[in-house]
Amino acid sequence: KSTLSISHQDVVRATTAILREARIKSSKAYFSIPDFSTFFTTFTLPAMTEEELPQAINYEAHQHIPLPLQEVTLDWQIIEKKAANQKEATPFKILLVAVPNEVIQQYQEIAANAKLELLSLEAEVFGLTRALIGEQEKQETVCLIDMGARSTTISIIDKAVLKISHSFDTSGNDLTNIISQGTNLNYEEAEAAKKKYGLLDSASQTKEAMLPLIDLILNEIKKISLSFSQTEQKEIAKVILAGGTALMPGLVSYFTQELAKPIIIAHPFATIYYPPILEKDLKAIGPSYSIAVGAALRGLE
């Protein structure tokens, strides 16, 4: 979906109220764009100099972007260079990101109406990477899974470089809806059951209702991981779960069983100083705040 599901006025009112209540004095802001509004692709370009890259990338983008190029804003980065000698023309592997101009304009309007100075826009996955890829993970190949309310995004980060990012519609809200349908609970009751019981064996009805969707997510993870491993000849070292659904009871043990990889719950506050009394609360809200923390960290770079 290319447009926000809630009105600009509601977003502006909520943002302004938070800024006022939290007594935030700065008006400078970094915004993150939902991954479901962002198009990612990777491709290889033949040997050329770096000066020739921009024109070649614009030409190649026509083959990959499912929208007219005049309707999108492009950004790109080199994710692999074959030769260490910078002077030699070598093949490049490129990560291309495209965002519809309509989406960018929406966020620019929200910033203006909230009286915020918008310093930059970035796809959510970059904030997620900044918040969750620590010094150890920078030496590894890591799979980040962001299970949000509206979509799930699977990203593979190899030595701190984003190699693949894939979003699909199955989300936390879908899990709540399917519990509601399978157990005759209303939405609020189903949400409470999901958070309390999740995939625990003691909650057979809740678990049984959710398993088809959970297995769908797992199949996507396995498919993307296998494709990456076959192409790059590298194995994923660990999986990091982020998003509001990450703390659902039983999810980590089920993922560990199915993926046979270490599964870690996102803790974006781990490298930030905070009073020890906040430890429990920050761990509880951490998975939901990973992208926000990542965006804030960009302002400190």
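**Helix packing and nonpolar cores in the predicted model**

Lys207 lies in helix α7, helices (H or I, at least four residues) and strands (E, at least two) being DSSP runs numbered from the N terminus. The structure is a predicted model, in which local features need pLDDT of at least 70 and side-chain atom pairs count only at pLDDT 80 or more, while totals for chains, interfaces and linings use all residues. Residues are numbered from 1 along each chain as its sequence is written, and side-chain values use heavy atoms, with hydrogens and water left out.

With a relative accessible area of 18%, Lys207 is buried (buried, under 20%; exposed, over 50%; partly exposed, in between; 1.4 Å probe, protein chains only). Not counting residues up to four places away in sequence, Lys207 touches Gly198, Leu199, Leu200 and Asp201, contact meaning heavy atoms within 4.5 Å.

Helix α7 (residues 204-232) packs against helix α5 (residues 172-183) at an angle of about 135°, the axes being 9 Å apart. Axes are lines fitted to C-alpha atoms, for helices over the stretch in contact, and angles run from 0 to 180 degrees between N-to-C directions. The two helices α5 and α7 are therefore oblique to each other (under 35 degrees, roughly parallel; over 145, roughly antiparallel; 65 to 115, roughly perpendicular; the rest, oblique). On the α5 side, Asp174, Leu175, Ile178, Ile179, Gly182 and Thr183 meet Gln205, Thr206, Ala209, Met210, Leu213 and Ile214 of α7.

The largest nonpolar core comprises 29 residues, and Ile145, Ile214, Ile221, Leu241, Leu251 and Phe255 have the most contacts inside it. Such a core is a set of buried Ala, Val, Leu, Ile, Met, Phe, Trp, Tyr and Cys residues joined through side-chain atoms within 4.5 Å. At least two residues of this core come from each of β6 (141-147), β7 (152-158), α5, α7, β9 (238-242) and α8 (251-259). The greatest contribution to this core is that of α7, with 9 residues. Leaving aside neighbours within four places in sequence, Ile221 is in contact with Cys143, Ile145, Ile154, Phe255 and Leu259. Apart from this core lies another, of 22 residues, among them Ile79, Leu95, Phe269 and Ile291.

Thr42 lies in strand β2 (residues 39-48) and is partly exposed, with a relative accessible area of 28%. Its contacts, neighbours within four places in sequence left aside, are with Ile79, Lys93, Ile94, Leu95 and Lys163. The C-alpha atoms of Thr42 and Ile214 are separated by 27 Å, the two residues being 172 residues apart along the chain.
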